[in-house]
Structure formats: C-alpha cells, structure tokens
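Hi,

Here is the structure I promised to pass on. Have a look at it first, and my notes follow below.

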Amino acid sequence: MRTKITTAVQTGKILISDGAWGTFLHQKGLQSGECPELWNITHPDKVKEIAQSYIDAGSDMIETNSFGGTSFKLEYFGLADRVSEINEAAARISREAAGENKWVIGSIGPTGKMLVMGDVTEVELYEAFKTQAIALEKGGADAVCIETMSDIDEASLAIQATKENTKLEIIATFTFEATGENQFYTMMGVTPGDAAIAAVQAGANIIGANCGNGLKNMITIVSQMREVDENTPILVHANAGLPKVENGKTVYPETPEMMGELTGQIIQAGANIIGGCCGTTPEHIRVMKASI
Ligand SMILES: [Zn+2]
C-alpha cells in the first residue's frame with residue numbers, strides 16, 4: 001500500500017515520476033485543435049496505454065491527462081460543463097494503470113487567464129481549481145500536480161483550493177526561462193526562490209519546476225530553490241531540451257542517455273522526485289531510473 005509521497009521522500013528515497021503526456025497523445029493520434037482531456041472519455045484505452053507505459057518504465061507516480069482540465073480551458077472546446085466528469089475519468093484511468101502501489105498525481109495546468117489583466121477574479125480561479133481538484137480526488141488521485149505555473153497568485157489559489165477542499169497532497173511546479181547566466185524567471189517575472197517560498201506559504205507539500213529548456217538548467221533552478229528552502233521535497237519534470245523543428249517535425253534534442261547522465265547532479269542539487277516533461281518518453285524514464 002502507499003504512504004504519502006512526502007513520507008516516502010523523508011526516508012531518503014529518490015522517487016521517479018513520469019514523462020510527457022502531450023507529445024505522447026499526439027503520437028497516439030490526437031490531432032491539433034482537438035481537446036486532449038476529452039480523450040479520457042472518447043479514447044480511454046489510448047490514455048491508459050500512456051499511463052501504463054510509464055508504470056512499465058518504472059515510474060513511482062504517474063500524472064493524469066488533465067493538464068487543461070479547468071473550466072477555463074475546457075470552455076474553449078465547449079466542454080466547461082463537463083469538468084467533473086472529464087477530470088474524474090482522467091484520475092480513474094491513471095489509477096487503473098498505477099494499481100494500489102503507485103501514486104497518481106492529478107495534473108492541473110494554468111487557466112490561461114491573467115489576474116493582473118483583470119481577465120478573471122480570484123474567486124473565479126479558486127472555484128475553477130476547486131472543482132477540478134475535487135474531481136481528481138474522486139477519480140482516485142493521491143495528489144495534485146499544479147504545474148507550468150508562472151504567476152504566484154494563480155498558483156497560490158490552486159494550492160489553497162486543493163488544500164481547503166480535498167485531502168490530496170499538493171505538488172506545485174513553476175516553469176522558468178533562462179534570462180542570463182544562472183538567472184531564471186517565470187513568464188511573470190518570478191525567480192525560483194520566490195516561487196518556492198510562495199508555494200510553501202500557500203500550503204504546497206512538494207515544490208519544483210517543470211518544462212523549460214532541459215535538465216541542465218534545472219540543476220541551477222533546484223539549487224536556487226534549495227537556497228531558500230532546505231526541507232520541502234522538490235520535484236523536477238524537465239523537458240528533453242528545447243524543441244526544434246526538423247523536416248516539419250518537432251524534435252527534442254536530449255536523449256535518454258543525456259538526461260540519465262545529469263540525473264546524479266540534479267539529485268545532488270536537492271531534487272527528490274525526478275521525471276520528464278515535453279519530449280520525454282518511457283525510455284527517458286527508464287534510463288533516469290537506472291542511473292539513480
Ligand atoms: Zn513541458
């Protein structure tokens with residue numbers, strides 16, 4: 001049976017998360033312009049194959065196909081009234097693949113709405129995250145993975161909405177871009193240190209970074225988070241480098257071996273949970289797992 005993720009981390013164990021979902025869904029036939037999350041209802045078998053392939057690769061935890069599962073994202077496809085159904089299905093599918101011994105971390109991505117621009121109110125964001133988190137818990141998730149965040153206020157509302165309405169553990173990761181030597185900021189101008197402090201203050205149990213431009217930069221990002229927070233577990237979901245278009249196809253430059261070689265350094269920098277984001281495959285996960 002499963003303990004809490006944070007309890008497992010406290011024993012000193014390095015945990016392995018999963019790799020990309022978005023790129024994998026496209027490989028399975030998702031067309032651009034289609035709603036990825038609707039596949040939980042229309043193609044549950046395909047979604048489960050992705051989840052299963054990460055479990056088979058050795059992931060200790062897998063995400064859910066619910067990154068764009070808030071009402072604000074689903075609204076774009078005319079599906080805003082199906083948030084609960086779609087997210088519950090997402091969690092159920094990943095739980096089926098994970099069984100009773102692996103963790104399911106329910107993906108929650110940004111809403112695409114900007115508080116600073118007055119697109120939405122804090123109450124509207126809170127309510128959207130609340131509905132999604134409750135559905136993920138109902139479908140069998142152990143945690144939420146609030147990810148690709150760039151705005152502290154939006155991330156904090158997602159954290160609070162989860163904390164106040166579910167029993168789920170809370171992972172919160174931000175996406176940083178390199179703006180200079182050892183200098184990283186989110187799109188909204190937040191440093192790794194400030195993101196870490198704000199996420200913990202809002203109630204996150206696990207903090208970290210995802211996406212971005214490769215595992216190497218993550219080493220610095222993790223160190224900068226560790227400088228301000230010695231104890232909170234850190235999760236890293238790195239892209240397989242910065243995507244390039246070659247012959248009309250998007251390719252990611254970092255091979256499983258390249259990412260495997262950097263895994264030791266990222267652990268040394270203070271990461272406790274390692275996985276991948278865009279462009280990473282079950283093979284990346286397998287090699288990273290083997291290298292720890
Ligand atoms: Zn990514």
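Let's start with the cysteines. A disulfide here is a pair of cysteine sulfur atoms within 2.5 Å. By that rule, this predicted model has zero disulfides. Take Cys-35: the nearest cysteine sulfur belongs to Cys-278 and is 17 Å away, so with a cut-off of 2.5 Å Cys-35 is in no disulfide. Cys-35 is also buried, at a relative accessible area of 5%.

So what are the protein donors of the zinc ion? They are Cys-211 and Cys-277 and Cys-278, each through SG, plus Asn-239 through OD1, and they sit 2.2 to 2.7 Å from the metal. The angles among the four donor atoms run from 89 to 128°, and the site is tetrahedral. For reference, the ideal angle for four tetrahedral donors is 109.5 degrees. If you want to find the donors in the sequence, look for the spacing C-x27-N-x37-C-C. Cys-211 comes from strand β8 (residues 206-211), while Cys-278 comes from the loop between β12 (273-276) and α12 (282-290), so this pair ties together parts of the chain that are 67 residues apart in sequence.

Cys-211 is buried at 15% relative accessible area, and Cys-277 is buried at 13%. Cys-278, at 26%, is partly exposed.

Now the inside of the protein. In general, nonpolar side chains tend to be buried together in soluble globular proteins. In this model the largest nonpolar core has 70 residues, and the ones with the most contacts inside it are Ile-146, Leu-215, Val-236 and Ile-266. Leaving out residues up to four places away in sequence, Ile-266 touches Leu-215, Met-218, Ile-219, Val-222, Val-236, Ala-271 and Ile-274. There is a second, separate core of 13 residues, with Val-9, Trp-103, Ile-171 and Ile-206 among them.

Is Thr-162 buried or exposed? Thr-162, which lies in helix α8 (residues 152-165), has a relative accessible area of 0%, and because anything under 20% counts as buried, Thr-162 is buried. Its neighbours, again not counting residues up to four places away in sequence, are Ala-133, Val-144, Ile-146, Leu-168 and Ile-170. A polar atom of the Thr-162 side chain also lies 2.8 Å from the backbone oxygen of Ala-158.

Glu-164 is found in helix α8 too, but Glu-164 is exposed, at 56% relative accessible area. The side chain of Glu-164 makes a polar contact of 2.5 Å with the side chain of Tyr-126. The C-alpha atoms of Glu-164 and Lys-130 are 8.5 Å apart, although 34 residues separate the two along the chain.

Most residues other than glycine have a negative phi. Thr-148 has a positive phi, near 60°; Thr-148 lies in strand β4 (residues 143-149) and is partly exposed at 22%. Asn-247 is not a glycine either, yet has a positive phi of about 50°. Asn-247 lies in the loop between β10 (244-246) and β11 (249-251), and at 83% relative accessibility Asn-247 counts as exposed.

Cheers

Note on methods:
Residues numbered from 1 in each chain as written. Predicted model: local features only at pLDDT ≥ 70, side-chain atom pairs only at ≥ 80, totals over all residues. Heavy atoms only, no water. Core = buried A, V, L, I, M, F, W, Y, C linked by side-chain atoms within 4.5 Å. Buried < 20%, exposed > 50% of the residue type's maximum accessible area, 1.4 Å probe, protein only. Contact = heavy atoms within 4.5 Å. Helix = DSSP H or I, 4+ residues; strand = E, 2+ residues; numbered from the N terminus. Polar contact = N/O pair within 3.5 Å; in protein donor to acceptor, adjacent residues only side chain to side chain. Donors = N, O, S within 2.8 Å, 3.2 Å for Na, K, Ca; no water. Tetrahedral: all angles 85-135°; square planar, octahedral: opposite > 155°, others 65-115°.
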